[in-house]
Amino acid sequence: MIKAHNSAIMRESNQRLIVDMIRKKPLSRADLSRAMGLSRAAVTILTDSLIEQGIIMNGDVVKSESGRRPTLLQLNPNAFISIGID
């Protein structure tokens, strides 16, 4: 049971890190994988969950020298609302 709890905490921590990284600039799943030291499959699972929650979204497809063209992930501008009261 403790392992599952730790897994949930790790998942949340990794998702928070992904959002922080994408906030700075749009990144591909491969970029995230390299920067975080996680497998591409793990990054895909984490980012798919964030996309389903509406926090991030697929952005532009960029050119690549070889292989599949990467899709950049970006923050969903409609996911965050702030209100200022004076």
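Start by selecting Glu-12 and Arg-16, whose side chains form a salt bridge with 2.4 Å between N and O. (A salt bridge here is a side-chain nitrogen of Lys or Arg within 4 Å of a carboxyl oxygen of Asp or Glu.) The two residues sit four apart in helix 1, so about one helical turn separates them. Helices are DSSP runs of H or I with at least four residues, strands are runs of E with at least two, and both are numbered from the N terminus. Glu-12 is partly exposed at 45% relative accessible area, and Arg-16 is partly exposed too, at 48%. (Buried means under 20% relative accessible area, exposed over 50%, and partly exposed in between, with a 1.4 Å probe and protein chains only.)

Before you move on, a note on what you are viewing. This is a predicted model, in which local features need pLDDT of at least 70 and side-chain atom pairs count only at pLDDT 80 or more, while totals for chains, interfaces and linings use all residues. Residues are numbered from 1 along each chain as its sequence is written, and side-chain values use heavy atoms, with hydrogens and water left out.

Asp-31 is partly exposed at 28% relative accessibility, whereas Arg-34 is exposed at 56%.

Asp-48 is partly exposed, at 32% relative accessibility.

**Into the core**

Which residues make up the largest nonpolar core? Select Ile-18, Val-19, Met-21, Ile-22, Leu-27, Leu-32, Met-36, Val-43, Leu-46, Leu-50, Ile-56 and Leu-73, 12 residues in all. (A nonpolar core is a set of buried Ala, Val, Leu, Ile, Met, Phe, Trp, Tyr and Cys residues joined through side-chain atoms within 4.5 Å.) Colour the helices and you can see that helix 1 (2-24), helix 2 (29-36) and helix 3 (40-52) each supply at least two of the core residues. Helix 1 gives the largest share, with four residues. In soluble globular proteins, nonpolar side chains tend to be buried together.

Centre the view on Val-43 for a closer look. Setting aside neighbours within four places in sequence, Val-43 is in contact (heavy atoms within 4.5 Å) with Arg-29, Leu-32, Ser-33 and Leu-38.

**Out to Glu-52**

Follow helix 3 to Glu-52, which is exposed at 71% relative accessible area. How far apart are the C-alpha atoms of Glu-52 and Ser-64? The separation is 26 Å, although the two residues are 12 apart along the chain.

**Zoom out**

Finally, show the whole chain as a cartoon. There are three helices and three strands, running in the order α-β-α-α-β-β along the sequence. The C-alpha atoms fill a box of roughly 50 × 45 × 20 Å along the principal axes. Of the 86 residues in the chain, 24% are buried.
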